[in-house]
Structure formats: structure tokens, C-alpha cells
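Please have the sequence and the structure open while reading.

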Amino acid sequence: MTEGSDIIVLGAGVVGITTAWELARRGHGVTVIDRQTEPATGASHANGAQISPSEAVPWASPSNLRLALAWMRQADGPFKLRLTADSRQWWWLLRFLASCREDVWRRNARRMVRLALASQRRLDEIVEEVRPEFDRERRGILRVYDSDAALREAEGIVDFMAPLGVGLRAVGPDEILDIEPALGAAIASGAVAGGLYAESDESGDAQAFTRALAHAAAGLGVRTVLGQQVERIDTHGDRFHSVVAGGVRHMADHLVICLGLDTPPLTRSLGFDLPIYPLKGYSATLRLAATNSAPRVSVTDETRRMVVSRLGDRIRVAGKADLVGHDARLDPRRAEQLVRDLRRIYPDLDHDGPPEFWAGLRPMTPTGVPIIGRSPVDRVYLNTGHGSLGWTMACGSAVLIADLLEGRNGELDPADYESGLPAD
């Protein structure tokens, strides 16, 4: 059996669905294929919910390298490393370490922030047109620190972000209380000493957005094939020909791969590899009690490296970075630690029922910069490797890949996002 389309998009997460919608919005016939039975069931399922240009910077930095070494000695620390026999883990780690230089961090951070800002602008346009419901909160993101020394060390990011168009300012306890009164107890206990506030950042439910946009994309003619594992990608010479999934051959003029961690195995079958490796994260989602006075401003606790976001009548706390290979199993101790840490900054938080725990694998590049561009195979494009920032960067990444496919010049320089591709 054979099916046809102009463009096939592999992946129904937030990156894949925004890509499909963007292409269909421009008049292309699109088919989306994914092995999951519903959109946004992988890394987009229960992430930290932040849309955060102010935090769109690489994890590979001199300061994070120092912190990671300290965290490895803490049983409940934000970072966990378990070395495996997988040579790709070692290869990724070496490239990550090479990216921890200050000059490399700055170059990559600029690329990431530009993409994140472009994505946020496109998100605004999509919301105006589609009107998706996704518990959006446009109240900024507040980074909090437990000491004045930690805040002073972090304040250098303010001057770095300003020329890029990101408004970020230092705030003391009184202003933090004005921004988010629910942090009063944490300020009184000393758990929060100061912070940085990015007023234009926001939060929202990535899964709800993705599913709403998938519905809108169907209205534009996008055909979605779910629950079908991609078996292979066929080429004629060096040119894309078709995708075989679930025993069905799907033919198209172009292919866009937005499969996150499932991308490298496919590209290796095409003759090239990508530097993408999993970092496991966790989240806990709590249903708020009806009488609860809960926070509404999204918060990043920099001491514990966790984020807290309000999603309607729910609160989600997310964090941890476990470099443990392709192990997606939920470690109850790591997940429960998030709830304990949540209580340290919101001791009065009241919720109904047990937390809903989740673990997911983030598709990370060593540099933090996603891989967006043409592949070595003609008519195969890549939009992948967004790590923890898929929600922040998805809409802008979709515009960039659509511009590339159509041969248009957009606001972003494609060369900035092709560094993870193999050299010709």
C-alpha cells in the first residue's frame, strides 16, 4: 500500500506539530507520522511548561561544570551521572566538555536566545489565529536564589541578555513579594534571598497546546498517522524517496525529521550521525485544592535547579538532569524529591490527591543549540535536538525549517543551527 503527500513530518511532539502546522499554513500537503497513539506523549508530555527566552542558554558552561561536579556528590542533587558502556555517551560528554568554554557558551547562547525570541513572536501569532487553550500565564518568570552571593554571581546574565532584547532585572525580597505573594513564606524562612525577573517570559501546557494545534492542522488538511513505527527511510541515490511505517509506504517530495531522541538511529541508517543524547528529567503535577492560594508566576529555583509553573487548577514542578543512558524509567526518589523541594519554597501549598509523576528523556545536543537544517541527503531536513527547550523554541524552529524548504530568507541565519550536522 502506498500513500502520497508533499511533505512528511516525522514526529508529533510540539516541534513536529508546529512544523506541520507551519507548512500546511503555507499551502503544503503534509502527513505527520509518529509511533505514539496521541500527539505530545514524549518529551512534550509533562515538561516544566516554561516559555523562557531569558533561560534559553546552553547547559554547557564553566559555572555549570563546576556545579555538576559538586552535585554528583549529593544523593538528591539536581545532576546525576551514570557512565555506561555506550560509546555515544562518552562521545557526547567529550563534546559537552569542549563546549564549556566561556567564548563557546556566549556564541551558542546568542543563537539560542535569537531563536527563542523569534519563536515567542510566532507563538503570539498562532494564538491570535488558532485560539488554543493551554493554560497560558503571561506573568514572566522569576529566578530565585537562596543567598545574596549566589544572586550577585548570576547578575552578569542581565548585561548579556540586554543587547539581545531580553529584559531581565535583579529584584530584592520586597519586589519578589509584589511579583509573587505566594513566596512570602520562603522569603521569611531565608529560602529565597533575591532573584532575577524576566517580565516577558511566560508559561503554558505544552501538551495541551500541541494537541490543540494538531486539531487546527487537521483543519488545514494535515493527515496524521499515529501508532505506526517508522521502519525505514528509502532513498533513490542521494535523494529522499519514501518512508515505510506500519507496513505502508508513504511517498513525498520532502521529509522533515522532528523525532528528538529517535532521530539519530534513523539518520545513521541514512549514513550520518547526530550528536544527540538523552538527559532524563522529572516532573510532578499536583491538583490544587479549591481553597488554595497558589502561585501564578512561573518560578525557577536556581539553588535546586527546578521550575514551578501554574497550569490552571494544577501546579507542575519539574527538574533534575540524569545522564544515565536511554533509561526512561521513573526513579520514585528523584521524583519525590521535587515535591519536597517544592514545599521548601511553598510550604503552605495545598493540593488534592497524590502527585502525578512523570519522567522523560530530553534530546540534548552538547552545545544546547538544536539541529535545524538540510541534511546530507537531498530533500531530508532536520528539526531536532531541542533538549529542555522544545516548548520555548518550537514555533520559531518551524518557521526556520519552512523558510529553508521554500528557499526563503527569514530573520534567522540558518548557518547558526547547522553546527550539529556532519560536514560535507
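A crossing of two helices is left-handed if the near helix is turned anticlockwise from the far one by less than a right angle, and right-handed if clockwise. The model is predicted. In this model, the crossing of α1 and α9 is left-handed.

**Helices α1 and α9**

- Two packed helices are described by the angle between their axes and the distance between the axes.
- For helix α1 (residues 14-25) and helix α9 (residues 206-219), the angle is about 25° and the axes lie 9 Å apart.
- Angles under 35 degrees count as roughly parallel, so α1 and α9 are roughly parallel to each other.
- On the α1 side, the residues that meet α9 are Val14, Ile17, Thr18 and Trp21.
- On the α9 side, Phe209, Thr210, Leu213, Ala214, Ala216 and Ala217 meet α1.
- Sorted by class, this contact of α1 with α9 has 8 nonpolar and 2 polar residues, and no charged residues.

**Asp403**

- Asp403 belongs to helix α12, which covers residues 390-406.
- Is Asp403 buried or exposed? Buried means under 20% relative accessible area, and Asp403 has 10% relative accessibility, so Asp403 counts as buried.
- A polar contact of 2.8 Å joins the side chain of Asp403 to the side chain of Arg26.
- Neighbours within four places in sequence aside, Asp403 is in contact with Arg26, Arg408 and Gly410.

- Asp135 is not a glycine, yet has a positive phi of about 55°.
- The position of Asp135 is in the loop between α4 (102-130) and β5 (141-145).
- With 32% relative accessibility, Asp135 counts as partly exposed.
- Lys320, also a residue other than glycine, has a positive phi near 75°.
- Lys320 is part of strand β16 (residues 314-323).
- The relative accessible area of Lys320 is 5%, and Lys320 is therefore buried.

**Gly271**

- Where is Gly271 found? Gly271 lies in the loop between α10 (263-269) and β13 (277-288).
- Exposed means over 50% relative accessible area; Gly271, at 67% relative accessibility, therefore counts as exposed.
- Gly271 and Phe160 are 111 residues apart along the chain, and their C-alpha atoms are separated by 39 Å.

Key. Residues are numbered from 1 along each chain as its sequence is written. This is a predicted model: local features need pLDDT of at least 70, side-chain atom pairs count only at pLDDT 80 or more; totals for chains, interfaces and linings use all residues. Side-chain values use heavy atoms; hydrogens and water are left out. Helices (H or I, at least four residues) and strands (E, at least two) are DSSP runs, numbered from the N terminus. Buried means under 20% relative accessible area, exposed over 50%, partly exposed in between (1.4 Å probe, protein chains only). A polar contact is a pair of N or O atoms within 3.5 Å; within protein, one must be able to donate a hydrogen and the other to accept it, and residues adjacent in sequence count only if both atoms are side-chain atoms. Contact means heavy atoms within 4.5 Å. Axes are lines fitted to C-alpha atoms, for helices over the stretch in contact, and angles run from 0 to 180 degrees between N-to-C directions. Angles under 35 degrees count as roughly parallel, over 145 as roughly antiparallel, 65 to 115 as roughly perpendicular and the rest as oblique. Ala, Val, Leu, Ile, Met, Phe, Trp, Tyr, Cys and Pro count as nonpolar, Asp, Glu, Lys and Arg as charged, and the others, Gly among them, as polar.
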